[in-house]
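Here are my notes for you to read beside the model. Please check each point against the coordinates.

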Amino acid sequence: MGRWRNGRRTGFRSQRPQGLGGSNPLLPTSSIDNKLKNVAKTLSYSHDTKSIYTFMLRKTYPHKPRTRIQETKFEKPKTKTETPLRFVPLGGLEEIGRNMMFFEYQNEIVIIDAGLQFPEEETPGIDFIIPNTTYLESKKANIHALLVTHGHYDHIGAIPYIMNKIGNPPIYTTSLTKAIIEKRQEDFPNRSKLNIITVKNGEKIKLSNNFEAEFFGIAHTIPESVAINLKTPVGNIVNLGDFKIENDLNGEPTDVEDLKRIGKEGVIMFTVDSTNADKPGHSESERMVEKNLEELIGNTEGRIIIAMFASVLTRINEVIKIAEKLGRVVALSGYSMKSNVEIAKRLGFIKSSPGVIIPVEEIHKYRDNKILILSTGAQGESNASLMKIINGEHRFIKIKFGDTVMFSASVIPGNERSVQTLKDNLARQGANIYASDIIDIHASGHAPKEDLKLAMRLLNPKFLVPIHGYFYKRSINAKSAVETKISPKNIFLMDNGQVAEITKDSFTITKENVPASYVMVDGLGVGDVEEVVLRDRKTLAQEGMVVAIITLDQKRGRLLKSPDIISRGFIYIKENQEILEEVRKKIRAIISRLPNYQPLEADYVKTLVRDQIGQFLYTKTKRRPMILPVVIEI
Ligand SMILES: [Zn+2]
């Protein structure tokens, strides 16, 4: 797995084929080239990361050029009686999503979050990727709790797939997150019933002999996000999950009392979100966003469609409030939008007067300037509601001249082309479009640099581990941490699966690694798609395939008819009759050279055809399609 995983971390994302299918013209076509480039990239990757460190530290500490952030030596030799706390990030440190980590002390384990990762270009056809729980499965009797910070899929998405395997430990989370987990679990009727314990803001719960968790509220884009202060024998460990700092209109941070108090009580380790570590400044005030949205909606004449993630329930709630204030009804379009709003309404997180939210099939009863539609599909997802509306496939909504469509979500890197196509189609149909970059109707749910530094200062941890995001973002977060006076030798950029041992005054990344490779979910299969399957899918996508059907006389081992050649995604064979004829000729030659005094071995014939036709096509076209020989013996 090693090299392949290194390969995928090397910045391919910027040239993804962006979801519309087909091979990417930017990628090299020959797999040899591919391999060479991957190797080259792997090399330059490891080289680059080293230089990021050294450069970073040299710049920060010119007088200490040899210091490295990832200092793995003990500060003080461990005494024999001191049992270290083991900390293992299982996912979320080399990717966006798949967030999961656990802490182990003697024979007790506590897990935080169990998320999924959406697929990438390097994993074609995969629904999503979940963390590897092999280690936890072997110690399931020791697992006392799964603590869940909030209801986004990158933090809860793996739950249906892993809970049975790790012994179905109790889940501790807030009521909204519980409802979202339970709603999803309905899709998996064969799994054991989950034991979810609802926790409240400020609640402290004893999880086991050695662990106690304090839950406290934190701002994010979904209500009831909780941060965790995990009290362990070596000290307090703080995981804020995904978070941002709410700033008021004057730019003053609000709701940071908990962070101040916990910081004063002493924090041994802080695992900090790095999603927006490279964005300068402070978070946009949510009030400012609300004001902008209200102005924009107030000044719009016709029908309004707002495309956003169904998971940003805080923002959805704001839009519904504004619509009600301005006398518009709200129709919800998209399955996840409807089910999330329903859950949030049931639990009281969305409060709207009766009749404000209407069934989408009733929009014809209202004048256009009284309608606001909330739709999924802001990222150009092919099966989401906005795509159906634009393609004229939606049963109740069609775009018409004068509609206004607002995108209230930043485009996720890699989705730019899909979103561009969406906007083109909307513009052709006469809609006015507001993207989040034209007017600021989006504030991220993740703290940017200055807010991250504020959290670091307030918590004042002894050790800091940047989490959530690729190495680059985590390294920027590490640099910010140095600016807040956290000692560089106490900042650790870990990899998934590494085991750290923490005592009251030391943090050591051990040589031990627990399995942390991808577990891929493909349809109903979990973990049954291996690297070889992915490689085939990539070859098929990039080079196409050629099928050679060879009909043989079983006894004499001779061809009964001319071989049939079928190709898909390789070259247009009708216009390349010459090559086709040569392939047939080659196959005839291969068969005729075989000794005819013994029955033919079909597998042997297939191997010969695969190798020789593959080599021949490569010489002719410099491409390596997948060759599938089919031998029929009559
Ligand atoms: Zn989140």
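1. **Basis.** This is a predicted model; local features need pLDDT of at least 70, side-chain atom pairs count only at pLDDT 80 or more, and totals for chains, interfaces and linings use all residues. Residues are numbered from 1 along each chain as its sequence is written. Helices (H or I, at least four residues) and strands (E, at least two) are DSSP runs, numbered from the N terminus.

2. **Helix α10, length.** Helix α10 covers residues 335-346. Its 12 residues should span 16 Å at 1.5 Å a residue, and the end C-alpha atoms are 17 Å apart, which agrees. The expected span is 1.5 Å times one less than the number of residues.

3. **Helix α10, buried face.** Met 337, Asn 340, Val 341, Ile 343 and Ala 344 are the buried residues of α10. Buried here means 20 or more other C-beta atoms within 10 Å of the residue's own; exposed means 12 or fewer, and partly exposed is in between, with C-beta atoms placed from the backbone. Down the axis of α10, the buried residues fall within an arc of 160°, so they line one face of the helix. The arc is taken from the directions from the helix axis to the C-beta atoms. An α-helix has 3.6 residues a turn, so residues three or four places apart point the same way.

4. **Helix α10, surroundings.** The cover over the buried residues of α10 includes α6 (175-185), α9 (313-325), β14 (329-333) and β16 (371-375). Contact requires C-beta atoms, placed from the backbone, within 7 Å. Gly 348 follows α10 and has a positive phi, near 85°.

5. **Helix α7.** In α7 (residues 257-265), the buried residues are Asp 258, Leu 259, Ile 262 and Gly 263. Seen down the axis of α7, they fall within an arc of 130°, so they line one face of the helix. Glu 257, Arg 261 and Lys 264 are exposed, on the face turned away from the buried side. The buried residues of α7 pack against β9, β10, β11 (235-239) and α13 (449-459). Gly 266 follows α7, with a positive phi near 100°.

6. **Strand β1.** Of the 7 residues of β1 (residues 85-91), 6 are buried, so the strand is largely enclosed by the rest of the structure. β1 runs antiparallel to β20 (residues 498-503), joined by 3 bridges. Leu 85 has Ile 502 as its bridge partner in β20. β1 also pairs with β2 (residues 100-105), antiparallel, over 5 bridges. Here Phe 87 has Phe 103 as its bridge partner. Strands count as paired if DSSP finds at least two bridges between them.

7. **Open sheet.** Three strands form an open sheet in the order β25-β24-β26, with mixed pairing. The edge strands are β25 (564-568) and β26 (626-633), each pairing on one side only. β24 (residues 545-552) and β26 are parallel over 8 bridges. In β26, Pro 629 is the bridge partner of Ala 548.

8. **Loop residues to check.** Glu 224 sits in the loop between β9 (212-217) and β10 (226-232). Its phi is near 60°, a positive value in a residue other than glycine. Glu 224 counts as buried because 28 C-beta neighbours lie inside 10 Å. His 468 lies in the loop between β19 (463-467) and α14 (471-483). The phi of His 468 is positive, about 55°, although His 468 is not a glycine. With 27 C-beta neighbours inside 10 Å, His 468 counts as buried.

Technical notes
Contact = placed C-beta atoms within 7 Å.
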